[in-house]
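Here are my notes on the model you passed along.

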Amino acid sequence: MKYVTLTIDGQKITVPEDYSIIQAAKELNIEIPALCYDPNLEVVSACRLCIVEIEGSKKLETSCSVKVREGMVVNTETERVVNARKDILQLLLDSHPNDCLTCQKAGECLLQKYSYRYNVRFREHDGAMRPKLIDTSSPYILKDNSKCILCGKCVRTCSQIKGEREVLAFAKRGYNTQIVLDDDQSFETSKCVSCNRCVTVCPVGALVDKRLLGKTRVWEAEVKTVSCKVCAYGCEFEVLSKKNKNIAVRAKSPSNGRPLCLKGRLTTELMYLHNPDKPYRKIGKKFVESSWTKTLGLSDIIEKIEKIEEK
């Protein structure tokens, strides 16, 4: 492995030559803001928020896509960079509903975080706003297109599941672009298996865990990471507790190519929650309230045990 040495905000660092600038900056504990970047996803440079100034380059470069070079000098917070980021954030806020006080994502929303960081605020305007198209058909996921910033993280993470056809995709063009499921289906009628993989990577409140709604705010809850016991993969889930009582289980962001599992999440709920919400199964194109034994596939096992005991 070949290494290169570069300078970021006056600090020298030596990293592998296949690192991007944003990865090298993280090694120095320098947070370059980004909305579409995820180390486990394909780099698309869609949000442009991670732009930096590189000495010798006339234009601002996206730090998620530009690889480090020997002797490179990078500045991440120049006046030119900050002004460009402010413009990007302002355009996003101009199309975003001003409901941070009631949004479940408040406190961990990246758009909220970076807007606060650069003092960018909602403003009155006569321009277009994204339509409030809300999909409440799933008992597990709430989708609100009016909050979507089109970062594409949900589409990319959905497409990484091997052996499955992608459910999420971009549709339409220009300002009318939106994320749809299976040619504009609902969560209920689509082929979505409710793994919540898309929810874990969404940086805003466009996709949220419906079973978590109204139960707690991120700053109120204690979060403990646990490993799933359903199979040998040991996927990780987060158990949220409040006042020493476990109140919710949510999926953690998965690694590249590894699908999450609804069965694993529901089993974890059953293990850690005192009174978990009732499970649902998708039968055909409908979500149907079901029993825990049927939802977790335990009915056949119990039946076999009973037959053995009868003998």
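**Notes on the predicted model**

1. Let's start with the whole chain. Of the protein's 311 residues, 49% count as buried. Keep in mind that this is a predicted model. Eight helices and 15 strands make up the secondary structure count. Taken along the principal axes, the C-alpha atoms fill a box of roughly 80 × 55 × 40 Å. As for how the chain meets itself, take the contacts between residues at least 6 apart in sequence: 59% of them join residues at least 24 apart.

2. Next, have a look at β3, which covers residues 51-54. Which strands does β3 pair with? One partner is β4 (residues 61-62), in the antiparallel sense and over two bridges. Here isoleucine 51 has threonine 62 of β4 as its bridge partner. The other is β5 (residues 73-75), again antiparallel and over two bridges. On that side, glutamate 53 stands opposite asparagine 75 of β5.

3. Now the helices. The axes of α2 (residues 79-94) and α3 (residues 110-117) come within 10 Å and cross at roughly 130°. Roughly parallel, roughly antiparallel or oblique? Antiparallel would need an angle over 145 degrees, so α2 counts as oblique to α3. The crossing of α2 past α3 is left-handed. From α2, the contact uses Arg85, Leu89, Leu92 and Leu93, while α3 brings Leu111, Tyr114, Ser115 and Arg117. Sorted by class, that contact has five nonpolar, one polar and two charged residues.

4. Why does phenylalanine 170 count as partly exposed? Its relative accessibility is 43%, and buried would mean under 20%, exposed over 50%. Leaving aside residues up to four places away in sequence, phenylalanine 170 touches Leu150, Gly152, Val155, Thr177, Gln178 and Ile179.

Key. Residues numbered from 1 in each chain as written. Predicted model: local features only at pLDDT ≥ 70, side-chain atom pairs only at ≥ 80, totals over all residues. Heavy atoms only, no water. Pairing = 2+ DSSP bridges. Helix = DSSP H or I, 4+ residues; strand = E, 2+ residues; numbered from the N terminus. Buried < 20%, exposed > 50% of the residue type's maximum accessible area, 1.4 Å probe, protein only. Contact = heavy atoms within 4.5 Å. Axes fitted to C-alpha atoms, helices over the stretch in contact; angles between N-to-C directions. Parallel < 35°, antiparallel > 145°, perpendicular 65-115°, else oblique. Left-handed = near helix turned anticlockwise from the far one by under 90°. Nonpolar A, V, L, I, M, F, W, Y, C, P; charged D, E, K, R; others polar.
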